[in-house]
Amino acid sequence: METESTTAALVEAIEALRNHERIRQLLASYCSCLDEYDIAGVAACFSNKAVADYGAGRGGAVTGRDNIAARIASGQKVFRRTHHQIGQILIDLRGSKANTTSYQITWHELRDGTQELVCLRYLDQLEMTDGNWLISHRRVEASLVNGFEGTEWNWVKRQEPEKID
């Protein structure tokens, strides 16, 4: 009996690790596809009915995979090059659903050579669909923006200390 329960626990733990890695690969694929201007690849990271909110200045909330792809294509076409670097990824796995917070440093070069830098976090809800993890809801929050003049952002909320010396 104990051997069966130990084996079951090990199988469950291995499957959780596999799902964590699949989620990391999904988020990395999104960044890679953005940097390559592979809009079909970016779209494939989202569920059909996904909602993505990149902030009011970047188009606000958009619903549906095709609409998200069109919004991203429009926003990304102004850049000659981009680089999206993932930092830490927090994953809260709950069966066939997961919540993630991933941190990004994103660099953009406009076609005129102007460079912009943004530090972001993606707050994602993911779901397992046909054996694949997909983003079903995304909210983007900024913590640092250099460039993007006049663009309105969702800002990372930060608590104030009780006392500032």
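Predicted model: local features only at pLDDT ≥ 70, side-chain atom pairs only at ≥ 80, totals over all residues.
Visitor: How does the lining of the largest cavity divide up, then?
Guide: Its residues split into 11 nonpolar, four polar and two charged.

Visitor: How many cavities of 30 Å³ or more are there?
Guide: The structure holds one. The volume of the largest cavity is about 190 Å³.

Visitor: Which residues lie nearest its centre?
Guide: Tyr 54, Arg 58, Gln 76, His 108 and Leu 120, out of 17 lining residues.

Visitor: And which helices and strands supply at least two residues each?
Guide: Helices H1 (2–35) and H3 (65–76) do, along with strands S3 (79–94), S4 (97–110) and S5 (115–129).

Visitor: What is the reach of H3?
Guide: From first C-alpha to last, the 12 residues of H3 reach 16 Å, close to the 16 Å expected at 1.5 Å a residue.

Visitor: Which of its residues are buried?
Guide: Ile 68, Ala 69, Arg 71, Ile 72, Ala 73, Gly 75 and Gln 76. These buried residues pack against H1, helix H2 (39–43), S1, strand S2 (61–63), S3 and S4.

Visitor: New topic. Where is Ser 47, and is it buried or exposed?
Guide: Ser 47 sits in strand S1, residues 46–53. Ser 47 counts as buried because its relative accessible area is 6%, and buried means under 20%.

Visitor: What is Ser 47 in contact with?
Guide: Apart from neighbours within four places in sequence, Ser 47 is in contact with Arg 65, Glu 127, Leu 134, Ile 135 and Ser 136.

Key: Residues numbered from 1 in each chain as written. Heavy atoms only, no water. 1 Å grid on protein atoms, 1.4 Å probe; cavity = no way out; pocket = protein on both sides within 12 Å on 5 of 7 lines; lining within 4 Å. Points joined across faces, edges and corners; volume = space filled by probe spheres on them. Helix = DSSP H or I, 4+ residues; strand = E, 2+ residues; numbered from the N terminus. Nonpolar A, V, L, I, M, F, W, Y, C, P; charged D, E, K, R; others polar. Buried < 20%, exposed > 50% of the residue type's maximum accessible area, 1.4 Å probe, protein only. Contact = heavy atoms within 4.5 Å. Expected span 1.5 Å × (residues − 1).
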